[in-house]
Amino acid sequence: MDSQENNIEAMSLSRRTFTAGLAVAMTAPLVAQAQTPLIKRPIPQGSGETMPVVGLGTAVVFNAAANSPQRAGAVSVVRALVDGGGTLIDTAPSYGAAEGFVGEILTETALRSRVFISTKLEEYRPGGEEAEAQACLQRLKTDKVDLLQLHNTKKADQDMGGINALKAKGLCRYTGISTTFERDYAATEAIVRRARPDFLEIDYALDNRKAEERLLPTARDSGTAVLVALPFGRGRLFRAALGKPLPDWAAEFDCASWGQFFLKFILGHPAVTAAIPGTGKPEHMIDNLGAARGRLPDEKMRARMIQYVEQLG
Ligand SMILES: NC(=O)c1ccc[n+]([C@@H]2O[C@H](COP(=O)([O-])OP(=O)(O)OC[C@H]3O[C@@H](n4cnc5c(N)ncnc54)[C@H](OP(=O)(O)O)[C@@H]3O)[C@@H](O)[C@H]2O)c1
C-alpha cells in the first residue's frame with residue numbers, strides 16, 4: 001500500500017460489511033464496538049507511517065482454504081479485514097498455497113492498494129535473495145511488497161546485506177526477520193540489536209510470554225516494529241477458555257469476547273506494533289478487529305488477565 005493511504009484516518013466498520021450479510025453473525029456489543037476507530041501505531045522506522053494494530057495471518061487456514069469449499073470464506077475474511085479498517089496481511093512461501101491465494105484474492109477483490117502485504121524469504125542464500133523475492137512477487141501478483149522478512153532466522157551473524165539491497169531496489173518497503181522458535185531467540189535478539197531491521201515477527205501470547213524477557217524490550221530499544229505471530233497459540237487459548245465466562249471486569253478495557261481478551265493483552269504491551277491472528281471466518285476477523293478498538297489493559301490489568309486465565313485450569 002502507498003504511504004499516502006497509510007496516513008488516512010482510521011475507518012469505523014463500513015456499511016458494506018453489514019450488507020455483505022455478516023451482521024447476522026455479530027453480537028450487539030460487536031456491532032456497537034465497530035463504530036469506534038481502529039487504534040493505529042507508528043512503524044518506528046516508517047517516517048510517520050502508522051498501521052492498524054490488528055491484521056491477519058494466513059499460515060494454516062489460507063493454505064487449507066485455497067482450493068477447497070472454504071475458499072469463499074477466506075475471501076470474505078480479507079474483505080472483512082479491509083472493510084473494518086485493517087490493512088495488514090502476513091504470509092510466506094512456506095505456508096503452502098496461502099501466498100498465491102492471497103495474490104489471487106487481492107486481484108479478484110482489487111484490494112491490493114489497501115493492503116499492507118508482509119511475506120518472507122525462506123532460503124535467503126547469499127546471491128539468491130532477489131530470485132526468491134521475485135517469485136514471491138509473482139505469486140502475490142504485485143511488483144512490490146510492503147514488508148519482506150527473513151523467515152526463521154537462526155544465526156546471530158545473519159547478514160542483512162542481501163535483503164537491504166532488495167529494499168534499496170524497491171522490491172519491498174520494509175525489511176524484517178522472524179522466528180517462533182525459542183531456541184533461536186538469542187540469535188534473533190543479536191540480529192535486532194546489530195542490524196536494527198524495520199520489523200521483527202515473534203510469537204507472543206497470554207500463555208506464551210517468553211518474548212517479554214528480552215526480545216520485546218530489545219525491539220523497542222532498537223526502533224524495530226513488532227508483529228505478533230501465534231497470538232492465540234494456534235487456538236490453544238480458546239480451548240482453555242471453552243465454556244468459561246469472560247470476567248465482568250473485561251468491560252473495563254472494552255473487551256467483548258475471548259478473542260479480544262487475548263489480543264488486547266498482547267496490544268497492551270508497549271513494544272507491540274500489531275498482532276496477526278489467523279482465521280478463516282469473517283465474523284472472527286470482525287471480532288479480532290474489535291480488539292483494536294477502545295481501551296487497552298494497563299500493566300496492572302494485564303497481570304490480572306494472566307492470573308484469571310491461569311486459574312481456568
Ligand atoms: N516464524 C513465523 O514467522 C511465523 C510462525 C507461525 C505463524 N506465523 C504467523 O502468525 C499467524 C497466526 O498464527 P496461526 O494462524 O497459526 O495461529 P493463531 O492466530 O494463534 O490461532 C488461529 C486459530 O484461532 C482461531 N480464531 C481466530 N480468531 C478467532 C476468534 N475471534 N474466535 C475464536 N477463534 C478464533 C482460528 O480458527 P477460525 O479459523 O475458526 O477462526 C484458528 O484456529 C500465522 O497465520 C502466520 O501469519 C509466523
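## Salt bridges

Arg209 and Glu310 form a salt bridge through their side chains, with an N to O distance of 3.8 Å; a salt bridge here is a side-chain nitrogen of Lys or Arg within 4 Å of a carboxyl oxygen of Asp or Glu. This pair connects distant parts of the chain, 101 residues apart: Arg209 belongs to the loop between strand S8 (199–203) and helix H10 (215–222), and Glu310 to helix H14 (residues 299–310). Helices (H or I, at least four residues) and strands (E, at least two) are DSSP runs, numbered from the N terminus. Arg209 is partly exposed at 26% relative accessibility, whereas Glu310 is exposed at 55%. These classes take buried as under 20% relative accessible area, exposed as over 50% and partly exposed as in between, with a 1.4 Å probe and protein chains only. Salt bridges with shared partners join Glu49, Arg112, Asp146 and Arg173 into one network.

The structure contains 21 salt bridges. One of them joins the side chains of Asp146 and Arg112 at 3.3 Å, N to O. Asp146 is in strand S6 (residues 145–150) and Arg112 in the loop between H6 and strand S5 (116–121), so the pair ties together parts that are 34 residues apart in sequence. Both Asp146 and Arg112 are buried. Another salt bridge links the side chains of Arg125 and Glu123 at 3.2 Å, N to O. Here Arg125 is exposed, with a relative accessible area of 55%, and Glu123 is partly exposed, at 46%. In general, side chains of opposite charge can pair when their charged atoms come close.

## Basis of the model

The model is predicted: local features require pLDDT of at least 70, side-chain atom pairs count only at pLDDT 80 or more, and totals for chains, interfaces and linings use all residues. Residues are numbered from 1 along each chain as its sequence is written, and side-chain values use heavy atoms, with hydrogens and water left out.

## A buried glutamate

Glu99 lies in helix H6 (residues 98–109). Its relative accessibility is 0%, so Glu99 counts as buried. Leaving aside residues up to four places away in sequence, Glu99 touches Thr91, Ala92, Pro93, Thr119, Cys136, Arg139 and Leu140, where contact means heavy atoms within 4.5 Å.

## Ligand site

The ligand is surrounded by 30 residues, of which the closest are Asp90, Phe232, Thr279, Lys281 and His284; a residue is counted if one of its heavy atoms lies within 4 Å. A side-chain N or O atom of His151 is 3.4 Å from a nitrogen atom of the ligand. For Asn152, a polar side-chain atom lies 3.0 Å from a nitrogen atom of the ligand. Gly278 places a backbone N or O atom 2.9 Å from an oxygen atom of the ligand. On its own the ligand has 900 Å² of accessible area, and the protein covers 87% of this; accessible areas come from the Shrake-Rupley method with a 1.4 Å probe.

## Overall fold

The protein chain has 14 helices and 10 strands. Of its 313 residues, 56% count as buried. The C-alpha atoms occupy a box of roughly 55 × 40 × 35 Å along the principal axes. Among contacts between residues at least 6 apart in sequence, 77% join residues at least 24 apart. The accessible surface of the protein chain is about 13,100 Å², with 52% belonging to carbon and sulfur atoms.

Technical notes:
A polar contact is a pair of N or O atoms within 3.5 Å; within protein, one must be able to donate a hydrogen and the other to accept it, and residues adjacent in sequence count only if both atoms are side-chain atoms.
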